[in-house]
Amino acid sequence: MTEQILALARTLGPAGVTETEALEPLCRAARAELEGMLREGVTPEDCGEAFLLGAAWLALAGLAAGEDGGVESFRAGDVSIRHRSEMDARARCAALRLQARQVMARYLRDDGFVFRGVPG
């Protein structure tokens with residue numbers, strides 16, 4: 001299953017992610033994290049492709065979290081270098097994690113939030 005997650009992460013990820021050695025351990029970690037979030041009695045196989053997609057997005061979120069504010073673009077004519085901000089990487093990481101949770105929502109444990117009203 002980890003190989004399927006890795007293949008999907010490479011397909012969904014940005015250009016150059018296929019060369020990233022860190023992606024395979026990130027996929028294993030994402031699989032373990034997602035398995036730990038499943039409701040009791042639910043297996044990854046019960047989730048079908050949603051599990052693969054959710055784990056791939058979690059792995060890509062881990063990859064985005066490790067990015068620094070590297071060069072985003074470079075132009076030779078009238079020399080122009082543009083740097084990515086670390087905020088962009090954090091926002092991308094948060095968005096990918098949210099996508100993973102949303103696609104897996106029906107299979108995940110209740111996270112314990114209960115609104116009990118406003119005092120007074």
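Not counting residues up to four places away in sequence, aspartate 46 touches Gly41 and Tyr107, where contact means heavy atoms within 4.5 Å. The structure is a predicted model, in which local features need pLDDT of at least 70, side-chain atom pairs count only at pLDDT 80 or more, and totals for chains, interfaces and linings use all residues. Residues are numbered from 1 along each chain as its sequence is written, and side-chain values use heavy atoms, with hydrogens and water left out.

Aspartate 46 sits in helix α3 (residues 44-47), helices being DSSP runs of H or I with at least four residues, numbered from the N terminus. Its relative accessible area is 46%, so aspartate 46 counts as partly exposed, a class that lies between buried (under 20%) and exposed (over 50%), with a 1.4 Å probe and protein chains only. Two distances place this residue:

| Pair | Distance |
|---|---|
| Aspartate 46 C-alpha to tyrosine 107 C-alpha | 8.5 Å |
| Aspartate 46 side-chain polar atom to threonine 43 backbone nitrogen | 2.9 Å |

Leucine 38 is in contact with Thr43, Cys47 and Tyr107, among others. Leu38 is also, with Leu23, Leu34 and Met104, one of the residues touching the most other members of the largest nonpolar core, which has 29 residues; such a core is a set of buried Ala, Val, Leu, Ile, Met, Phe, Trp, Tyr and Cys residues joined through side-chain atoms within 4.5 Å. Helix α4 gives the most to this core, with 12 residues.

Of the 17 residues of α4, 13 are buried.

Note on methods. Helices (H or I, at least four residues) and strands (E, at least two) are DSSP runs, numbered from the N terminus. A polar contact is a pair of N or O atoms within 3.5 Å; within protein, one must be able to donate a hydrogen and the other to accept it, and residues adjacent in sequence count only if both atoms are side-chain atoms.
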